[in-house]
Amino acid sequence: MSRLLVSRVTVLIAAAGIVLAGCGDSTGPSENEEGWNQYSVDDVTFEWMVDDSLAELNSRITAPTSGWVAVGFDPTSFMSEANLIIGYVSAGSTSIRDDFGTGQTSHDADTTLGGTHDIVLVKGSEGSDPIQTQIEFRIPMDSGDDYDKALVEGTTYAVIFAYGSNGADDFSSGHVYAESVSLEI
Ligand code: HEM
């Protein structure tokens, strides 16, 4: 390989690293023990696997809070137009809501906006040592709802993560953490 080609490859690899890294401390994407993709940024871990036969995205988000946790796909700016999935565990029961980013710092339930709830909750759990909440769910790659975003496997999207304060078991309080990264789904 010529020296020029090597340096171009190095620049491309470095550029790809920047695109995938986001702003916080990140690890991955790598493969977890189930063969799912896994990516961590700061103390948030996101795992996902495209189920081709069902045209669904299996996802799991884990964050260090006993309040709500959320992931959003394909925002245009901050939270705007993101397909948001927000969940929390309260007294052993898990609640999850299909939301849409109605502005840079606002969101509402798809059903309130005239759309549909398109999430299948698989399970949720909460731990106290360390404090964490984990929500596992499935969404269609393309629900057809105006308030979701169609996802195409192999495409890189902005993906946002956020979580609320301990005990914030609701869909409306603000976050104590929010981050945006680029991930190939
Ligand atoms: C009612 C609930 C929410 C309120 C009041 C709220 C409010 C805000 C505000 C004021 C900002 C700009 C300043 C900042 O960075 O803190 C922001 C940014 C942001 N929010 Fe929210 N938010 C809410 C829910 C969510 C949810 C559910 C997500 C889902 C992932 C989210 C993701 C983000 C992201 C990624 C940013 C940009 C952070 C950055 O680039 O530094 N937010 N939000």
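Start by selecting the iron atom of the ligand, which Met-79 (SD) and His-175 (NE2) coordinate at 2.1 to 2.5 Å; donors here are N, O and S atoms within 2.8 Å of the metal (3.2 Å for Na, K and Ca), and water is not among the atoms, so sites may look incomplete. This is a predicted model, in which local features need pLDDT of at least 70, side-chain atom pairs count only at pLDDT 80 or more, and totals for chains, interfaces and linings use all residues. Residues are numbered from 1 along each chain as its sequence is written, and side-chain values use heavy atoms, with hydrogens and water left out.

Stay at the iron atom of the ligand, where the six donor atoms make angles of 83 to 178° and the site is octahedral (for six donors, opposite ones over 155 degrees apart and all others between 65 and 115).

Next, select the two residues in turn. Met-79 is buried, at 16% relative accessible area, whereas His-175 is partly exposed, at 43% (buried means under 20%, exposed over 50%, partly exposed in between, with a 1.4 Å probe and protein chains only).

Now move to strand E6 (83-90), a strand being a DSSP run of at least two residues, numbered from the N terminus. Seven of the eight residues of E6 are buried. On one side, E6 pairs with E5 in the antiparallel sense over five bridges (pairing requires at least two DSSP bridges), and Ala-70 stands opposite Ile-86.

Finally, select strand E7 (residues 93-103), which pairs with E6 in the antiparallel sense over eight bridges, with Ile-85 opposite Asp-98. In the hairpin of E6 and E7, two residues lie between the strands, and Ala-91 takes a positive phi near 50°.

Notes. Tetrahedral: all angles 85-135°; square planar, octahedral: opposite > 155°, others 65-115°. Helix = DSSP H or I, 4+ residues; strand = E, 2+ residues; numbered from the N terminus.
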